[in-house]
Amino acid sequence: MNGELHTAHCTNSKSKTYDGDQWVRVEVLAHGDELIKHIVEGETVLEYTKPQIGGGAASPTDPAVKVDGTPLTGGYISLQAETAPIDFRKVELVNLEGCTDPKATNYKTYFVKSNPAKCKY
């Protein structure tokens, strides 16, 4: 975070607290091992670059899998709440890799990583 390695288990964001029953739109933009942004109600509340495996908060771990310093290029998406109940109304996953040729029938403006093999004409 902010150009430095950050290994704390919990990190405060700039988001306000939402009390009571209400829907809150949360988006996460993940560009592999380059950039991760947490966006709440349209405001970026947490951003970090070059995520990597490491830190001491995970236990137990398999040393063959948890190799500190390895760039975090993929993995699982988990939704959770700590210390409070939570409901998820709608969850969508959008792959940001695809055909970036505007002449293709499956071109999308939101693709950020080009994969010409996915283009359809």
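## Salt bridges

The structure holds three salt bridges. A salt bridge here is a side-chain nitrogen of Lys or Arg within 4 Å of a carboxyl oxygen of Asp or Glu. Side chains of opposite charge can pair when their charged atoms come close. This is a predicted model, in which local features need pLDDT of at least 70, side-chain atom pairs count only at pLDDT 80 or more, and totals for chains, interfaces and linings use all residues. Residues are numbered from 1 along each chain as its sequence is written, and side-chain values use heavy atoms, with hydrogens and water left out.

One of the salt bridges joins Arg 25 and Glu 27, with 3.5 Å from N to O. Exposure is stated as relative accessible area: under 20% is buried, over 50% is exposed, and values in between are partly exposed (1.4 Å probe, protein chains only). Arg 25 is exposed because its relative accessible area is 53%, while Glu 27 has 34% and so counts as partly exposed. Another salt bridge links Asp 68 with Lys 66, and their closest N and O atoms are 2.7 Å apart. Asp 68 is partly exposed at 49% relative accessibility, and Lys 66 is also partly exposed, at 22%. Lys 90 and Glu 92 form a salt bridge too, with the closest N and O atoms 3.9 Å apart. Lys 90 and Glu 92 are both exposed.

## The disulfide

A disulfide is a pair of cysteine sulfur atoms within 2.5 Å, and by this rule the count is one. The disulfide joins Cys 99 to Cys 119, with 2.0 Å from S to S. The strands named here are DSSP runs (E, at least two residues), and helices are runs of H or I with at least four residues; both are numbered from the N terminus.

The torsion about the S-S bond of Cys 99 and Cys 119 is about 95 degrees, so the disulfide is right-handed. Both cysteines fall in the buried class: Cys 99 has a relative accessible area of 1%, and Cys 119 has 15%.

## Two positive phi values

Glu 41 has a phi near 50 degrees, a positive value in a residue other than glycine. Glu 41 is placed in the loop between β2 (35-40) and β3 (43-49). With a relative accessible area of 44%, Glu 41 is partly exposed.

Lys 50 likewise has a positive phi, near 50 degrees, and is a residue other than glycine. Lys 50 sits in the loop between β3 and β4 (97-98). Lys 50 counts as exposed because its relative accessibility is 64%.

## Rings and a nonpolar patch

Rings of Phe, Tyr and Trp (its six-membered ring) pair if their centres lie within 6.5 Å; planes under 30 degrees apart count as stacked, over 60 as edge-to-face and the rest as tilted. By this rule there is one aromatic pair. A charge sits over a ring if NZ of Lys or CZ of Arg is within 6 Å of the ring centre and within 35 degrees of the ring normal. Arg 89 lies over the face of Trp 23, at 5.6 Å from the ring centre.

A nonpolar patch on the surface is formed by Ile 77, Leu 79, Ile 86, Phe 88, Val 91 and Leu 93, with about 640 Å² of accessible area together. Patches are made of residues with over 30% relative accessible area and no salt bridge; like charges are joined within 9 Å, and nonpolar side chains (Val, Leu, Ile, Met, Phe, Trp, Tyr) within 5 Å. The areas come from the Shrake-Rupley method with a 1.4 Å probe, and for residues only the protein chains shown count as cover. Val 91 is in the loop between β3 and β4 and is exposed, with a relative accessible area of 52%.

Pro 102 lies in the loop between β4 and β5 and is exposed, at 60% relative accessible area. Pro 102 and Asp 68 are 34 residues apart along the chain, and their C-alpha atoms are separated by 40 Å.

Glu 97 lies in strand β4 and is partly exposed, with a relative accessible area of 26%. Glu 97 and Leu 46 are 51 residues apart along the chain, and their C-alpha atoms are separated by 23 Å.
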